[in-house]
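Please look through the model shown below, with attention to its aromatic rings, its central strands and the packing of its helices. The paragraphs that follow take these topics in turn.

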Amino acid sequence: MKESAKKEGARRMKNKAKAVYLLMAVLLALGVLAGCSGGGGSGGKVTITYWRHDNEAEVKALKQLIASFEKEHPNIKVKMEVIPYDDYETKIRTALSGSKAPDIMGIDGPFVASYAHQEAVIPLDSYFAANGDLDDITAPVRESLTYNGKIWAAPLNDASVAMFYNKKLFADNNIPLPSENPDEAWTWEQVLEAAKKINNPEKNTYGWDPAWGVGGGEGSAFVKMSLLWQAGAEVLSEDGKTANGYLNSPETKRALEFFSGLYNDSKVATKELPPEAFESGKLGIMMNGPWHLPYLVNSFPDFKDWAVAPLWKDKKQVTPMGSWNMGITKKSKHPDEAWEFVNWVTGKEGAKVWYEVTKNLPARLSVSEAFPELQQYPLNIWVKQSSTYAKPRPVSPAYPAVSKAITELFEDVTLANKNVDEAMNAAVEKIDKAIAGVK
């Protein structure tokens with residue numbers, strides 16, 4: 001009896017061990033499955049979120065690229081949220097300070113350093129080294145995205161502006177046409193001479209809009225800094241530690257006095273330019289980017305008098321550059337999947353789709369070479385400027401304050417008629433205070 005009892009006990013222990021083993025196997029399997037479903041999706045899917053500002057053509061391109069990406073990557077779903085431009089910076093910074101940050105965020109070029117300094121985004125060097133082909137991106141664009149020796153975002157495109165002019169107004173006033181050669185830009189004085197001949201406020205005809213009017217916003221800073229650089233000025237020291245001795249230089253003073261004079265002395269520029277003045281034949285000369293071409297063709301098909309020339313120059317031939325990019329936030333739980341999508345959009349093939357839909361200037365050399373139209377007039381002007389004469393805005397974590405100080409400086413000397421030296425020194429004080437406050 002004792003021996004049989006021992007055998008029965010052993011049998012029961014063996015069966016119990018098998019049951020425990022099976023239970024552990026089931027639980028382990030469930031745990032693995034739960035881990036694979038990470039991004040909140042079912043069937044092993046990961047969901048990544050992407051926030052960006054509104055832009056009709058760009059959103060159209062992104063929807064197309066998201067569809068092709070999800071088809072090729074069935075395990076990754078991309079949820080894009082489009083935010084009104086005026087609300088974007090506020091909403092994204094609020095999200096980054098909380099717990100609802102997206103995986104991927106749109107970043108305007110000059111704000112990259114600010115987000116990188118705050119450790120809101122992660123460096124992308126290892127990703128680019130693996131399959132991002134960084135050398136294919138133009139040198140000025142790479143420079144604009146580099147902070148502390150690392151790359152912090154991937155470019156959707158580049159941006160540049162050129163001189164648009166009205167051929168009929170030039171002909172009516174016996175003005176010779178400017179060269180179409182990107183290396184032969186007109187000087188400020190040549191443009192001013194033409195603008196004086198065209199300008200006729202009594203007929204509601206104006207000579208020149210030199211830098212998208214007078215006002216705030218990053219677009220305004222984007223084009224106005226080019227005037228400073230053309231005069232030979234710099235906004236910040238090379239190490240980015242001060243504006244003193246740079247923004248308040250004789251070269252800056254020349255640029256400000258010339259700009260203000262267009263509004264207050266020769267009056268070839270007006271402080272209240274009518275809407276669509278150029279498109280309605282009421283403005284002789286302005287600046288804009290290649291994105292304006294489809295707008296002219298589609299929205300003003302009867303307006304045939306426009307033409308394009310390289311952007312004007314002074315002591316130097318310099319054009320602004322830089323545009324929106326894609327960065328991966330530090331709070332992303334799926335940085336590898338996020339990079340897959342970023343590289344799908346900004347890589348060689350995605351960048352071709354982006355150009356075809358948006359007509360934004362490519363940031364990749366291979367894309368510029370892939371489209372013959374980019375080597376022909378007028379698009380070749382922007383392409384050559386971007387590769388040869390482009391200068392990025394200051395790469396500084398204090399850039400938001402720099403941008404605001406620049407637009408206020410132009411407003412002060414043009415609209416408020418403030419003393420130029422006093423206005424420059426006030427701008428320097430604002431910027432240096434912001435730099436000192438960076439932690």
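How many aromatic pairs does the count come to? With rings of Phe, Tyr and Trp (its six-membered ring) taken as paired if their centres lie within 6.5 Å, the count comes to 22 aromatic pairs. This is a predicted model, in which local features need pLDDT of at least 70 and side-chain atom pairs count only at pLDDT 80 or more, while totals for chains, interfaces and linings use all residues. Residues are numbered from 1 along each chain as its sequence is written, and side-chain values use heavy atoms, with hydrogens and water left out.

The rings of Y127 and W339 have centres 5.3 Å apart and planes at 20°, so the pair is stacked (planes under 30 degrees apart count as stacked, over 60 as edge-to-face and the rest as tilted). This pair links distant parts of the chain, since Y127 lies in helix α5 (residues 125–132) and W339 in helix α12, 212 residues apart; helices here are DSSP runs of H or I with at least four residues, and strands are runs of E with at least two, numbered from the N terminus.

Helix α12 (residues 335–346) also packs with helix α2 (residues 56–72), at an angle of about 125° and with the axes 10 Å apart, where axes are lines fitted to C-alpha atoms, for helices over the stretch in contact, and angles run from 0 to 180 degrees between N-to-C directions. That angle makes α2 oblique to α12 (under 35 degrees is roughly parallel, over 145 roughly antiparallel, 65 to 115 roughly perpendicular and the rest oblique). On the α2 side, L62, L65, I66, S68, F69 and E72 meet E337, E340, F341, W344 and V345 of α12, contact meaning heavy atoms within 4.5 Å.

The strands form an open sheet of five with mixed pairing, in the order β2-β1-β3-β12-β6, two strands being paired if DSSP finds at least two bridges between them. At the edges stand β2 (76–83) and β6 (154–155), each with a single partner strand, so one side of each is left without a neighbour in the sheet. Strand β1 (residues 46–53) pairs with β2 in the parallel sense over eight bridges, and Y50 stands opposite M80 in β2. Helix α2 packs on this sheet, touching β1 and β2, and its direction makes about 170° with that of β2.

Elsewhere, helix α9 (residues 218–230) and helix α16 (residues 399–414) pack at about 70° with their axes 9 Å apart, which makes α9 roughly perpendicular to α16.
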